[in-house]
Amino acid sequence: MVEAPIREPLILGNKTYKQISDDVIGPIENKPSMSWLAGFTASVLVLGLFAVGVGITLFEGIGAWGLQRTVGWAFDITNFVFWVGIGHAGTLISAVLLLFRQHWRTSINRSAEAMTIFAVVCAGQFPLIHAGRPWVAYWIPPLPNDLGSLWPNFNSPLAWDVFAISTYLTVSLVFWFCGLVPDFALVRDRATKKIPKFIYGFVSLGWTGSLKQWNRFELVSLILAGMATPLVLSVHTIVSFDFATSVIPGWHTTIFPPYFVAGAIFSGFGMVHTLLIVVRKVMNLEAYITINHLEQMAKVIMLTGTMVGIAYGTEMFMAMYSGYEYEMFTFMNRAFGPYAWAYWIMMSCNVISPQVYWFKKARTSPVFMFIISIFVNIGMWFERFVIIVTSLHRDFLVSSWSMYTPTWVEMAILIGSFGLFFTLFFLFSKYLPMIAVSEVKATYKLTQRGKDRDALNGKSIPSDIVYDHDYSYSADKLEKKTIEESLSESHDH
Amino acid sequence: MSSTLIKRTPCVVGVFDDDDVFLAGCKKIKDKNLNVLDAFTPFPVHGIEAVLNIPRSNLAIAAFMFGIFGFICGLSLQVGLQGFDWPNNFGGKPPVALPAFVPITFELTILCASLGMVGTYFFRSTLLPGFEPKIYDQHATSHHFVVLVEAANMTDDIKDALKEAGAIEVREDEYLEQNAPFPLPIKMK
């Protein structure tokens with residue numbers, strides 16, 4: 001029997017499989033709590049702000065924003081890159097950690113994937129409204145048309161972005177839905193009322209959990225994870241190409257793709273922390289999303305925060321080392337120019353604040369982690385603001401230098417986009433299983449300690465069954481170990 | 001209509017409440033030369049494929065094929081439109097700029113591979129909207145592990161074999177399979 005005494009069990013308390021179902025599906029079946037209703041109402045109100053901001057933008061045009069000839073990209077693209085970045089943790093948790101066989105992902109992958117999808121939905125709004133006329137958004141895909149040479153320019157990273165983001169959204173949705181199907185079937189089988197039974201029955205596609213379904217399910221999850229991993233890296237790489245392929249000093253650096261990907265993972269995990277620290281309290285899921293889970297994420301935040309810090313340093317060094325005066329000027333202007341306050345907010349939030357996670361006390365205190373995660377969110381928003389605005393506002397011609405200040409419409413859209421995000425997240429937390437029930441059950445015994453495991457279902461379980469620690473299909477290990485023998489042995493004792 | 005589309009096989013249902021007991025039980029049932037029609041579990045029980053001789057799925061090949069399709073589509077779309085249908089001069093760059101076509105080709109490869117594979121998986125596993133499966137045990141998606149053994153009627157031998165394997169409940173039922181050339185979203189009754 002292989003046991004790792006160092007590792008904490010992933011789920012606390014001796015749960016039976018039935019209890020796991022009850023704990024996760026319970027909130028869907030019960031009436032919404034007061035805290036849920038309050039949170040949901042607040043989110044919808046903030047979403048109203050988004051509608052107002054977007055409505056004014058569409059009615060008046062982009063003139064309602066603070067953009068000018070010199071700073072033609074500002075809040076909108078900052079928000080776009082910010083939300084896309086947040087959308088990276090979900091796929092990282094569900095795909096990359098699946099490939100690395102990290103069992104701790106099972107408690108958090110569902111909500112992280114949901115967060116990914118909602119963040120990408122938020123991100124998608126900004127290019128649409130910035131384009132000014134969203135009703136002709138269908139000009140972007142290469143549709144046959146009679147308007148002349150209106151094929152998109154396939155050399156342009158902005159066209160790549162359209163394909164990258166929409167592919168990412170589609171594949172994330174598909175991955176998420178595939179995982180949800182067995183859990184929908186669980187909700188269906190537990191439902192007593194007619195309407196929920198019909199709705200969850202419809203979306204569960206008639207799942208029964210038969211041998212072949214599970215067999216294919218696992219293979220599909222594995223291959224999707226294998227494909228989503230390069231996809232998630234490509235998406236933020238392509239987003240960084242929006243800047244890196246231009247000729248603007250401060251943008252056209254080759255470090256951008258890895259630097260953006262690290263930043264995206266950093267901000268994504270920051271947002272997962274913010275959400276889950278609240279959710280585990282409000283939804284009573286502390287036994288499932290444990291301090292251990294939060295600590296693992298804190299480590300990732302520290303690592304990626306440090307990577308981002310190194311990228312800032314490299315960027316600065318390369319600018320100085322290049323001897324290219326425009327590049328040098330841009331970086332000096334970033335750190336000491338009129339937007340220095342934004343630069344130093346970025347530096348302190350992103351580089352300094354995650355360093356406290358070197359201390360175990362900091363990594364295990366939810367309150368502390370929540371505060372740091374807010375810093376990370378703020379810092380990563382300012383990172384994009386710094387990159388975009390400080391590179392633009394003092395351009396090659398001194399006569400066209402200017403300052404950018406957002407209007408209240410832009411502020412409303414930024415704040416309102418959080419309303420959109422949280423409205424979707426609240427709906428998700430009420431109507432969909434917050435935790436991947438079947439995946440948690442599948443890894444439950446592997447990760448419990450011997451004593452807890454024996455207590456499962458109140459019966460003694462043969463102690464020398466070898467648990468197949470990897471997700472592979474080869475069951476040759478099992479063939480060698482005769483479970484039957486071990487069973488009869490334990491009965492004899 | 002449904003009577004001709006559904007194939008019925010009499011069977012005995014054995015219900016287990018633990019995955020380890022279930023796995024060991026399936027091995028015992030197999031050793032007694034009983035024919036296992038299917039099994040229903042709330043989560044993938046690892047090792048069951050080897051015990052019940054479930055072949056490895058070919059979905060990986062489907063994914064690869066769809067991926068190749070996506071690759072060809074992505075590349076030919078860009079080369080065709082920008083190189084031949086309406087070549088434009090973008091800053092003096094060549095109309096067929098292959099390195100610039102890498103991102104979209106890659107995205108379409110992934111998109112087609114994943115959508116195609118998941119579509120195939122849904123279709124082959126009869127996961128269709130509106131399909132109403134037969135549920136053999138109400139808790140088979142929660143905490144029960146169900147095995148279906150082919151038997152014309154429940155003899156004491158079969159009952160004992162299942163009880164001995166660790167089943168907490170044994171009962172007679174009918175195993176339903178679709179008898180159509182392709183999966184249909186019908187009610188299994």
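**View 1. Packing around helix H12 of chain A.** In this predicted model, the buried residues of H12(A) pack against helix H10 (291-322), helix H11 (325-336) and helix H14 (366-393) of chain A. H12(A) spans residues 340-352, and its buried residues are Tyr343(A), Met346(A), Cys349(A) and Asn350(A). They fall within an arc of 145 degrees seen down the axis of H12(A), so they line one face of the helix. The arc is taken over directions from the helix axis to the C-beta atoms. Buried means 20 or more other C-beta atoms within 10 Å of a residue's own, with C-beta atoms placed from the backbone. Helices are DSSP runs (H or I, at least four residues) and strands likewise (E, at least two), numbered from the N terminus.

**View 2. Helices H3 and H15 of chain A.** H3(A) (residues 75-86) and H15(A) (residues 408-431) pack at about 10 degrees, with axes 10 Å apart. They are therefore roughly parallel to each other (angles under 35 degrees). Axes are lines fitted to C-alpha atoms over the stretch in contact, and angles run from 0 to 180 degrees between N-to-C directions. Phe75(A), Asn79(A) and Trp83(A) of H3(A) meet Glu410(A), Leu414(A) and Ser417(A) of H15(A). Contact requires C-beta atoms, placed from the backbone, within 7 Å.

**View 3. The side of chain B that touches chain A.** Here 67 residues of chain B are in contact with 63 residues of chain A. H5(B) gives the most to this side of chain B, with 16 residues.

**Conventions.** Residues are numbered from 1 along each chain as its sequence is written, and chains are lettered from A and ligands numbered from 1 in the order written. In this predicted model, local features need pLDDT of at least 70 and side-chain atom pairs count only at pLDDT 80 or more, while totals for chains, interfaces and linings use all residues.

Conventions
Contact = placed C-beta atoms within 7 Å. Buried ≥ 20, exposed ≤ 12 C-beta atoms within 10 Å, placed from the backbone. Parallel < 35°, antiparallel > 145°, perpendicular 65-115°, else oblique.
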